[in-house]
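Thanks for making the time this morning.

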Amino acid sequence: MAEAPLTDPAAAWLARGVPRPESRPFPARDGAGLDGLCLAADRSREAADTLDHLICLLGVGQEGWHAEHVRRVVLQAERLAAALGLAPDEVRAVRWGAALHDIGKTRVPQAILQKTGPLDPLEYGVILQHPEWGVELLEGLPFLPQATREAVRSHHERWDGGGYPAGLRGDQIPLSARIVSLADVFDALTQRRPYKPAWTEQEAARSLLREAGRQFDPDLAPLFVEAVLGLGHLTALPSITGYPLF
Ligand SMILES: [Fe+2]
């Protein structure tokens, strides 16, 4: 009789690497049985680690500055999720969302991605498609958590409702997306771009705080500055204006 297809890659690897119980029953002796369970647990962890590595490679497997950008966003989004006290599987979902947040840009022509001058309305319209395209590309990975897909779809939404693609507002924006948004924008601010110099971490942190309640979740932005960046002293200062808005 044909076996049902395995939809979870981790389960598929386990099925290949660990003989099924019916083909190799646990040994009768307690010690050997414990060894078997430990071996299965080790292989389960190995499969999970491999899957995590592959997901992150998928996200960073693009050329140039983008790969390093994704690595930093993954690290900082994961730290913010942990600082929030999320459960390990929720932190992992955020981590994967951070890794894959711009996967939809693989459908955007390089001529647009690498353009140094201002984008025309048609080109800008193409860029605006990348969150939805990202979700479409991930449809073939059904084991991904919903929070991961939500981070990909909604990482350009704004707390005040002025973002895209859906114009979500406040708590309508999934938490994973609000986390990835902070890490994504902070890293963009601290890197040099054709249209701006690199900002210092303190300048970028002040910008995040100024945008709390406008672009960003008003509770998450100060937590990011304090717990992830270690710049908590800035959260006690009055907002400093004069920086260009993103
Ligand atoms: Fe993006």
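The secondary structure of this chain, which is a predicted model, comes to 11 helices and 0 strands, so that, read from the N terminus, the elements run α-α-α-α-α-α-α-α-α-α-α. Of the 246 residues in the chain, 30% are buried, and among the contacts with a separation of 6 or more, 62% are between residues 24 or more positions apart.

Before going into detail, a word on confidence. The mean pLDDT of the chain is 83, with 81% of the residues reaching 70 or more. Helix H8, residues 146–154, has the highest confidence, at a mean of 98, whereas helix H1, residues 9–17, has the lowest, at 43. Over residues 1–29 the pLDDT stays under 50, and the model has 25 contacts beyond four places in sequence for that stretch; over residues 239–246 it also stays under 50, and there the model has 8 such contacts.

Now to the pair of helices, and how do H9 and H11 pack? Helix H9, residues 175–189, and helix H11, residues 220–228, pack at an angle of about 50°, with their axes 10 Å apart, and the two are therefore oblique to each other. H9 passes H11 in a right-handed crossing. On the H9 side, Arg178, Ile179 and Leu182 make the contact, and they meet Leu220, Ala221 and Phe224 in H11.

Key:
Residues numbered from 1 in each chain as written. Predicted model: local features only at pLDDT ≥ 70, side-chain atom pairs only at ≥ 80, totals over all residues. Axes fitted to C-alpha atoms, helices over the stretch in contact; angles between N-to-C directions. Helix = DSSP H or I, 4+ residues; strand = E, 2+ residues; numbered from the N terminus. Parallel < 35°, antiparallel > 145°, perpendicular 65-115°, else oblique. Left-handed = near helix turned anticlockwise from the far one by under 90°. Contact = placed C-beta atoms within 7 Å. Buried ≥ 20, exposed ≤ 12 C-beta atoms within 10 Å, placed from the backbone. pLDDT = per-residue confidence, 0-100.
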